[in-house]
Amino acid sequence: MLETFYNKGVIEAGCDEVGRGCLAGSVYAAAVILPQDYKNDELNDSKKLSAKKRNELRAVIERDAMAWAVGVVTAEEIDEINILNASILAMHRALDQLKVRPEAIIVDGNRFKPYHDIPHTTIIKGDGKYLSIAAASILAKTYRDDYMRKLAEEYPQYDWDVNKGYPTRKHREAIRKYGITKYHRKSYNLLGNTELDLFE
């Protein structure tokens, strides 16, 4: 069972992003505020859950959360400001849309920029430690996967419905054969330097 909160007695938003390592598509982030006494044994880091379970939990999170939102930064913006800044901007955009103002923010990872005057804490592997960050990871992942499936209908040759834009061998072979699309991140090393491509 993950911890409910990091800061006791305050309205706390958990944030996470997905898609940093992708060669194509937007980066997505989510912010989630859960009730103070919230419990859910099934919530966990989205990478440890099946796609079916993630989608089931998305509905649960959206029903149970005090507030939730998803922020998006496009591939074009990523090329302009770099992926680290884009990931943080996506989290800020999610926070901007919350219908409840948080009094504290907890973020998966080790990098963040101040959001207004709200105190924040970065937590390595936070999506496996705190419920609100796990919930944010699930929302970001499921909404981004839906988006990549739609892009795959437009450009089926890149296998995005399967690889979601990550640098699989098939994705890179398609780039070599067909070139790039408007959704590819031109600032990335799209063809790679090795056959041992990593896939998040």
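What follows is a chat about rings, helices, backbone angles and contacts.

Modeller: This is a predicted model, in which local features need pLDDT of at least 70, side-chain atom pairs count only at pLDDT 80 or more, and totals for chains, interfaces and linings use all residues. Residues are numbered from 1 along each chain as its sequence is written, and side-chain values use heavy atoms, with hydrogens and water left out.

Biologist: Rings to begin with: how many aromatic pairs are there?

Modeller: Rings of Phe, Tyr and Trp (its six-membered ring) pair if their centres lie within 6.5 Å; planes under 30 degrees apart count as stacked, over 60 as edge-to-face and the rest as tilted. Going by that rule, the count of aromatic pairs is nine.

Biologist: Which kind of pair do Tyr155 and Tyr158 form?

Modeller: A pair of aromatic rings is described by the distance of the centres and the angle of the planes. For Tyr155 and Tyr158 the centres are 6.3 Å apart, and the planes make an angle of 65°. That pair is edge-to-face.

Biologist: And is Tyr158 buried or exposed?

Modeller: Buried means under 20% relative accessible area, exposed over 50%, and partly exposed in between (1.4 Å probe, protein chains only). Tyr155 has 21%, so Tyr155 is partly exposed. Tyr158 has a relative accessibility of 1%, so Tyr158 is buried.

Biologist: How many residues apart in sequence are the parts that the pair of Tyr158 and Tyr178 ties together?

Modeller: Tyr158 and Tyr178 also pair edge-to-face, at 6.3 Å centre to centre and 70° between the planes. Helices (H or I, at least four residues) and strands (E, at least two) are DSSP runs, numbered from the N terminus. Tyr158 sits in the loop between helix 4 (131-154) and helix 5 (160-163), whereas Tyr178 belongs to helix 6 (residues 169-178), so the parts tied together are 20 residues apart in sequence.

Biologist: Which residues do ring pairs link into a cluster?

Modeller: Tyr178, by the way, is partly exposed, at 44% relative accessibility. The cluster linked by ring pairs consists of Tyr155, Tyr158, Trp160, Tyr178 and Tyr183.

Biologist: Over the face of which residue does Arg58 lie?

Modeller: A charge sits over a ring if NZ of Lys or CZ of Arg is within 6 Å of the ring centre and within 35 degrees of the ring normal. Arg58 is at 4.1 Å from the centre of its ring, and that ring belongs to Tyr143.

Biologist: At what angle do the axes of helix 1 and helix 4 cross?

Modeller: Axes are lines fitted to C-alpha atoms, for helices over the stretch in contact, and angles run from 0 to 180 degrees between N-to-C directions. Helix 1 (residues 51-64) and helix 4 have axes that come within 9 Å, and the crossing angle is roughly 120°. Angles under 35 degrees count as roughly parallel, over 145 as roughly antiparallel, 65 to 115 as roughly perpendicular and the rest as oblique. So helix 1 is oblique to helix 4, with that crossing at roughly 120°.

Biologist: Which residues of helix 4 does Arg54 touch?

Modeller: Arg54 lies in helix 1, and its relative accessible area is 10%, so Arg54 is buried. Contact means heavy atoms within 4.5 Å. Not counting residues up to four places away in sequence, Arg54 touches Ser46 and Leu49 and also, over in helix 4, Ile138, Lys141, Thr142 and Asp145.

Biologist: What is the phi of Asp159?

Modeller: Asn82, in the loop between helix 2 (75-81) and helix 3 (83-97), has a positive phi near 80° without being a glycine. Asp159 is in the loop between helix 4 and helix 5. Asp159 is not a glycine either, yet its phi is positive, at about 65°.

Biologist: Last one: what does Phe112 touch?

Modeller: Phe112 is in the loop between strand 4 (104-108) and strand 5 (120-123), and counts as buried at 13% relative accessibility. Its C-alpha is 8.7 Å from that of Asn85, 27 residues apart along the chain. Leaving out residues up to four places away in sequence, Phe112 touches Ile88, Met91, His92, Leu95, Ile105, Val107, His120 and Thr122.
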